[in-house]
Amino acid sequence: MALTRTQRHYREGAAELELGDGFFREQSRPARDLSVLLAADQACGVGQERGLRWLDLMAGCGIRALRWGLEAAGRCAFSPEIWVNDADPDRSAVLKSNMKRLEQKGCPLHLFAQSAERLLTRAWLDGDRFDLIDLDAFGSPSALVQPALKALQPEGVLFLASTDGRSPTGHDRSGAIRRLGAAARVHPASWELALRHQIGFVARQAWMLGHGLEPLLSFSDGRTFRTAVRLLPHHAEAELNSLGLLARCDVCGNQQVQSLLRLRAWEACLCPSGSEHLLIHGPLWLGPLQGLDFLRRLSDASVPVAGATGRLLHRLLADSGSPARVWSTAELASRLGLSGPPSVSALVQALRDAGQLASVSGVMGGQIRTNADLQMLLQLCSTVGGEGP
């Protein structure tokens, strides 16, 4: 639930600021915490070797940039430049007022009221490159992805948000074609597939520019889909293998994945009719959604975060996002006629005992990630039984 316009003064982390009259969601704090953690990680790493440049591209009231300056910038050996932009001129006064604390600290600060595309293009033309770009978009950010990647330093991080949930979850199939260049269908693991569509789109844009891509973290609350990716100087063969298609039978629920590099005919599913009921998703990202070593480093950073952020990091650390096939325990129980879904943890343990890869999904509740085929999954699910925690 968003704060009302009368709740104008707000405190978060080390920041105290005025929210102004624009839209603000207090519940999005985990995303802002992670943005600060991303900046702090750079400050303690490459920030000890050279100056950094961070861009809050759609700043709103400026809370992310303010927290960068107060909670992360002091860790750098060289003062980072903080660029703050919001295209709405009505936000300029509150943005300028909130940034005064950074100016008082002597932080190199640049304020803009330009369209995001104009600022990114100008930065690219002028040779200004950013180590961190936070692109907290309303709707689909697809048109801004390539300009943002062009403005990133190699090894820089793009923290991307999209509130376009209908296109990548298959509820607006023509929208997915227009915005992602991909086929999206309805799937029980809809949040996960939305994130995979998003990463797949960013990867294709990075490859077009001659770069590679490494996903660092991916999560969603069902209304906003967020991914942080590192831009690499060159792509690796493993990345290309990570772009592919996912097929799901809308009758028996069987799932298959294929890399575009090795695309061939789909195998017959469990239905008597073969593969005629397969719904194809993609191209999308089939590789890991998280960098676990990177997340461990973030978790160890001495940045105060909300309890919800700590719980989110804990979930993501337990699930790399690989393999790409995810199963809803409620759907499995329904197919078996069980009275309720099985215990997720018990089913994961049963799969591991059977020699399969398995983990609890960190993206959506009540779902498991495994490389086991559907027949084994149903058999173990039946053994575990229903109505588990």
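This is a predicted model: local features need pLDDT of at least 70, side-chain atom pairs count only at pLDDT 80 or more; totals for chains, interfaces and linings use all residues.

**Stop 1: the aromatic rings**

Four aromatic pairs turn up in a search of the whole structure. Start with Trp 83 and Phe 112: their ring centres are 5.2 Å apart and the planes meet at 35°, so this pair is tilted. Colour strand S4 (residues 81-85) for Trp 83 and strand S5 (residues 109-112) for Phe 112; the pair therefore ties together parts 29 residues apart in sequence. Phe 112 counts as partly exposed, at 23% relative accessibility.

Phe 130 sits in strand S6 (residues 130-136) while Trp 83 is in S4, so here the parts tied together are 47 residues apart in sequence. Phe 130 counts as buried, at 0% relative accessibility. Show Trp 83, Phe 112 and Phe 130 at once and you have a cluster linked by ring pairs.

One more ring before moving on: pick Trp 124 and Lys 150. Lys 150 lies over the face of Trp 124, 4.3 Å from the ring centre.

**Stop 2: two helices crossing**

Select helix H1 (residues 29-44) and helix H11 (residues 307-317). They pack at an angle of about 70°, their axes 8 Å apart. That makes H1 roughly perpendicular to H11. For the contact itself, show side chains: from H1 come Arg 29, Pro 30, Asp 33, Leu 34 and Leu 37, and these meet Ala 308, Thr 309, Leu 312 and Leu 313 of H11.

**Stop 3**

Follow the chain into the loop between H11 and S13, where you'll find Pro 323. The peptide bond from Ser 322 to Pro 323 is cis, with omega near 5°. Another cis bond joins Gly 282 and Pro 283, with omega about 10°. Pro 283 has its place in strand S12 (residues 278-285).

Then jump to Glu 155 in strand S7 (residues 152-162). Glu 155 isn't a glycine, yet it has a positive phi of about 80°. At 43% relative accessibility, Glu 155 counts as partly exposed.

**Stop 3: helix H14 and what follows**

Which residues of helix H14 (residues 374-384) are buried? Select Leu 374, Leu 377, Leu 378, Leu 380 and Cys 381. Residues three or four places apart on an α-helix point the same way, because there are 3.6 residues a turn. The buried residues of H14 pack against strand S13 (326-328), helix H12 (329-336), helix H13 (344-353) and strand S15 (367-370).

Look at the N-terminal end of H14 next. Asp 373 caps it, with a side-chain oxygen 3.2 Å from the backbone nitrogen of Gln 375.

Finish just after H14, at Gly 385, which takes a positive phi of about 90°. Gly 385 counts as buried, at 17% relative accessibility. What is Gly 385 in contact with, leaving aside its neighbours within four places in sequence? Show Leu 338, Pro 341, Pro 342 and Ser 343.

Conventions:
Residues are numbered from 1 along each chain as its sequence is written. Side-chain values use heavy atoms; hydrogens and water are left out. Buried means under 20% relative accessible area, exposed over 50%, partly exposed in between (1.4 Å probe, protein chains only). Helices (H or I, at least four residues) and strands (E, at least two) are DSSP runs, numbered from the N terminus. Contact means heavy atoms within 4.5 Å. A polar contact is a pair of N or O atoms within 3.5 Å; within protein, one must be able to donate a hydrogen and the other to accept it, and residues adjacent in sequence count only if both atoms are side-chain atoms. Rings of Phe, Tyr and Trp (its six-membered ring) pair if their centres lie within 6.5 Å; planes under 30 degrees apart count as stacked, over 60 as edge-to-face and the rest as tilted. A charge sits over a ring if NZ of Lys or CZ of Arg is within 6 Å of the ring centre and within 35 degrees of the ring normal. Axes are lines fitted to C-alpha atoms, for helices over the stretch in contact, and angles run from 0 to 180 degrees between N-to-C directions. Angles under 35 degrees count as roughly parallel, over 145 as roughly antiparallel, 65 to 115 as roughly perpendicular and the rest as oblique.
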